[in-house]
Amino acid sequence: MSLPELELPGFRFHPTAEELINFYLKSIIKGNKLDSNVIAFVNIYLHDPWELPGLARIGEREWYFFVPINRKHGPKGKPNRTTRNGFWKATGSDCQIRSTLDPRKVIGLKKTLVFYGGRAPKGCRTDWVMNEYRLPDGHPLPKDHDIVLCKVYRKATSFKVLEQRAIVEEHAAKRPPTSHDNLGPLVPQEDLESSASHNFRSFQEENHNTTIKLPQLSSPLWTELQSTGQDLWSLFSLS
């Protein structure tokens with residue numbers, strides 16, 4: 001089955017973790033040819049995450065790749081997950097993927113990583129996330145077949161945060177630019193949400209405390225009203 005045959009209305013490529021490991025990853029590692037051609041071989045660490053959607057063969061909100069492992073110090077060294085403008089950092093422990101037919105059998109492992117802009121150990125957390133699927137530790141691998149299957153996607157953002165960002169961006173657009181505006185496109189996700197919330201409150205307080213000053217009236221009619229002790233609203237009661 002070729003890729004053009006899959007371009008059908010309503011078609012979505014959304015395999016389960018078990019399908020990714022048992023059908024796709026194991027087939028590639030064993031050297032078996034897949035009938036479908038929906039997952040590309042890409043060394044994703046030569047690219048930043050926002051470039052990856054354009055390199056995938058299929059996907060709208062999540063993108064899949066077969067990735068060769070690039071290890072730092074020989075075959076048993078730690079994987080090198082550094083890109084041109086950042087690095088992928090693992091979060092939490094690996095999750096075991098078990099067979100639905102035999103829940104006692106571990107068929108693979110899933111590692112979750114988050115992309116950080118900059119260089120370790122410092123860096124700006126972004127909303128780019130990757131799930132890396134691999135065979136269990138100790139599983140025999142053919143020579144030159146140290147390969148994993150990666151799913152890349154962007155973390156969902158709540159509507160409230162998006163609304164606050166829009167207000168902050170509109171407010172910031174009205175102020176003159178400063179030297180801090182040239183710090184680059186990468187901003188920590190948690191700092192952005194915190195800053196958006198703080199600036200949103202500040203924006204509300206500024207508008208709440210704003211006093212509107214009316215122009216002073218100096219016409220002869222106004223002078224006459226003041227001398228007689230009348231106010232402006234008495235004009236509307238005059239017959």
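This is a predicted model: local features need pLDDT of at least 70, side-chain atom pairs count only at pLDDT 80 or more; totals for chains, interfaces and linings use all residues.
In S6, Tyr116 has Arg125 as its bridge partner.

Pro121 sits in the loop between S5 and S6. As background, most residues other than glycine have a negative phi, and most peptide bonds are trans.

Gly123 is also in the loop between S5 and S6. Is Gly123 buried or partly exposed? Its relative accessibility is 36%, so it counts as partly exposed. Which residues does Gly123 touch, leaving aside those up to four places away in sequence? They are Phe87, Tyr116 and Gly117. Phe87 is 36 residues from Gly123 along the chain, and the two C-alpha atoms are separated by 8.4 Å.

Next, strand S5 itself, residues 106-117. S5 is mostly covered, with nine of its twelve residues buried. Strand S3 (residues 86-90) runs antiparallel to S5 and is joined to it by five bridges. In that pairing, Gly86 has Gly117 in S5 as its bridge partner. Strand S4 (residues 95-98) is likewise antiparallel to S5, with four bridges between them. Cys95 stands opposite Lys110 in S5.

Since a cysteine has come up: how many disulfides are there? The count comes to zero. The rule asks for a pair of cysteine sulfur atoms within 2.5 Å. On burial, Cys150 has a relative accessible area of 0% and is buried, whereas Cys124 is partly exposed at 24% relative accessibility.

Now the chain as a whole. There are five helices and seven strands, and along the sequence they follow the pattern α-α-β-β-β-β-β-β-β-α-α-α. Of the 239 residues, 31% count as buried. The chain exposes about 16,500 Å², and carbon and sulfur atoms supply 55% of that. Taking contacts between residues at least 6 apart in sequence, 63% join residues at least 24 apart.

On to the interior. In soluble globular proteins, nonpolar side chains tend to be buried together. Here the largest nonpolar core has 19 residues, and those with the most contacts inside it are Phe13, Tyr24, Ile39, Phe66 and Leu149. Helix H2 (17-29), strand S2 (62-68) and strand S7 (147-154) each supply at least two residues of this core. H2 gives the most to it, with six residues. There is also a second, separate core of 18 residues, which includes Ala40, Leu52, Phe65 and Val152.

Not counting residues up to four places away in sequence, Leu149 touches Leu20, Tyr24, Leu25, Ile39, Tyr64, Phe65, Phe66, Asn131, Glu132 and Tyr133.

Last topic, the aromatic rings. A pair is described by the distance of the centres and the angle of the planes. A search of the whole structure finds eight aromatic pairs. One of them is Trp63 with Trp128, which is tilted, at 6.2 Å centre to centre and 40° between the planes. Trp63 lies in strand S2 and Trp128 in strand S6, so this pair ties together parts that are 65 residues apart in sequence. Trp63 is buried, with a relative accessible area of 9%, and Trp128 counts as buried at 7%.

What kind of pair do the rings of Trp88 and Phe115 make? Their centres are 5.3 Å apart and their planes are at 65°, so the pair is edge-to-face. This brings us back to S5: Trp88 lies in strand S3 and Phe115 in strand S5, so the pair ties together parts that are 27 residues apart in sequence. Both Trp88 and Phe115 are buried.

There is also an aromatic cluster made of Phe13, Phe23, Tyr24 and Tyr64.

Notes:
Residues are numbered from 1 along each chain as its sequence is written. Side-chain values use heavy atoms; hydrogens and water are left out. Buried means under 20% relative accessible area, exposed over 50%, partly exposed in between (1.4 Å probe, protein chains only). Two strands pair if DSSP finds at least two bridges between them. Contact means heavy atoms within 4.5 Å. A nonpolar core is a set of buried Ala, Val, Leu, Ile, Met, Phe, Trp, Tyr and Cys residues joined through side-chain atoms within 4.5 Å. Accessible areas come from the Shrake-Rupley method with a 1.4 Å probe; for residues, only the protein chains shown count as cover. Rings of Phe, Tyr and Trp (its six-membered ring) pair if their centres lie within 6.5 Å; planes under 30 degrees apart count as stacked, over 60 as edge-to-face and the rest as tilted.
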